[in-house]
Amino acid sequence: MTKVKSAEFVMSNSDVAKCPKNRIPEYAFIGRSNVGKSSLINMLTDRKSLAKTSGRPGKTQLINHFIINEEWYLVDLPGYGYARVSKTSKKKFQKFITNYFEQRQQLVSAFVLVDIRHKPQPIDLEFMQYLGENGIPFGIVFTKADKLKPNAIDNHVDDYCKELLKTWEEIPPYFITSSSKKIGQDDVLDFINNTNEEIEALKNQ
Ligand code: GTP
Ligand code: MG
């Protein structure tokens, strides 16, 4: 079981060039507006309001770095697909976010969050495609699992995997979570911890 001993806000930014320079592993949380990115970050770190959350979509507007256990960065990002912006800007997605994904060398893995209640949405599948095309590893985090009964959770996840197998050869690592019921904390943290250990082992080879 992986423990978060310390979690601190470092900085907010809209320019990838100004993000922290330390070469430590970094994990970014991305997904539709309101899917629960900031809530997940608070759940993972056992902090009530480390990341700002809101019932209104569009709360997180910048690239937010948090340092965990003085070992790795966790990044909270703005959501995509915010319903109240125009179609063109929705399609374009904020340029600074794509710059972040394409230029941030410390990024080890992204986590794409999807609401477990919904069928696979084109916008999420397209974003995963984009990550794949740019060689960025990612996992899928299903959020708000408290909203479904256990058998419905299994069905929704199975359907999601079937959809992914239409375009992907392999299913990426995935995690079932609920921030309000604190489900999935260990799974996500263990994954990050194991990945960090693998990186360390490679460095020492
Ligand atoms: P933006 O920053 O606007 O892109 O949103 P976000 O993805 O960071 O979402 P945020 O964490 O702010 O949560 C959005 C809403 O969903 C809030 O009202 C949360 O309380 C709610 N929410 C988040 N996670 C969960 C969950 O696991 N279960 C339930 N029931 N509600 C959740
Ligand atoms: Mg947010």
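Here is a short chat about a predicted model and the ligands it holds.

Visitor: Hi! Which residues coordinate the magnesium ion?

Guide: Hello! The magnesium ion, ligand 2, is coordinated by S38 through its OG atom and by T60 through its OG1 atom, at 2.0 to 2.2 Å. S38 sits in helix α1 and T60 in the loop between α1 and β3, so the pair ties together parts that are 22 residues apart in sequence.

Visitor: Are S38 and T60 buried or exposed?

Guide: Both S38 and T60 are buried.

Visitor: Okay, what about ligand 1? Which residues come nearest to ligand 1?

Guide: There are 22 residues around ligand 1, and K37, S39, G58, D146 and S179 come nearest. Sorted by class, that shell has 14 polar, six charged and two nonpolar residues.

Visitor: How far is the backbone of S179 from an oxygen atom of ligand 1?

Guide: A backbone N or O atom of S179 is 2.7 Å from an oxygen atom of ligand 1. Side chains take part as well: a polar side-chain atom of S38 lies 3.0 Å from an oxygen of ligand 1, and for an N or O atom in the side chain of S33 the distance is 3.3 Å.

Visitor: How much of ligand 1 does the protein bury?

Guide: The protein buries 85% of the 650 Å² that ligand 1 exposes when taken alone.

Visitor: New topic: where is Y27?

Guide: Y27 is in strand β2. Y27 counts as buried because its relative accessibility is 0%.

Visitor: What does Y27 touch?

Guide: Leaving aside residues up to four places away in sequence, its contacts include W72, L74, F111, I192 and I199. N196 is another residue that Y27 touches, and the side chains of Y27 and N196 make a polar contact at 2.7 Å.

Visitor: One last thing. Which residues of helix α3 are buried?

Guide: In α3, which spans residues 95–103, the buried residues are F96, I97, T98, Y100 and F101.

Visitor: What covers the buried residues of α3?

Guide: The cover includes strands β1, β2, β3, β4 and β5, together with helix α4. β2 is also where Y27 sits.

Methods: Residues numbered from 1 in each chain as written. Chains lettered and ligands numbered in written order. Predicted model: local features only at pLDDT ≥ 70, side-chain atom pairs only at ≥ 80, totals over all residues. Heavy atoms only, no water. Buried < 20%, exposed > 50% of the residue type's maximum accessible area, 1.4 Å probe, protein only. Helix = DSSP H or I, 4+ residues; strand = E, 2+ residues; numbered from the N terminus. Contact = heavy atoms within 4.5 Å. Donors = N, O, S within 2.8 Å, 3.2 Å for Na, K, Ca; no water. Near = heavy atom within 4 Å. Polar contact = N/O pair within 3.5 Å; in protein donor to acceptor, adjacent residues only side chain to side chain. Areas by Shrake-Rupley, 256 points an atom, 1.4 Å probe, with all protein chains shown as cover. Nonpolar A, V, L, I, M, F, W, Y, C, P; charged D, E, K, R; others polar.
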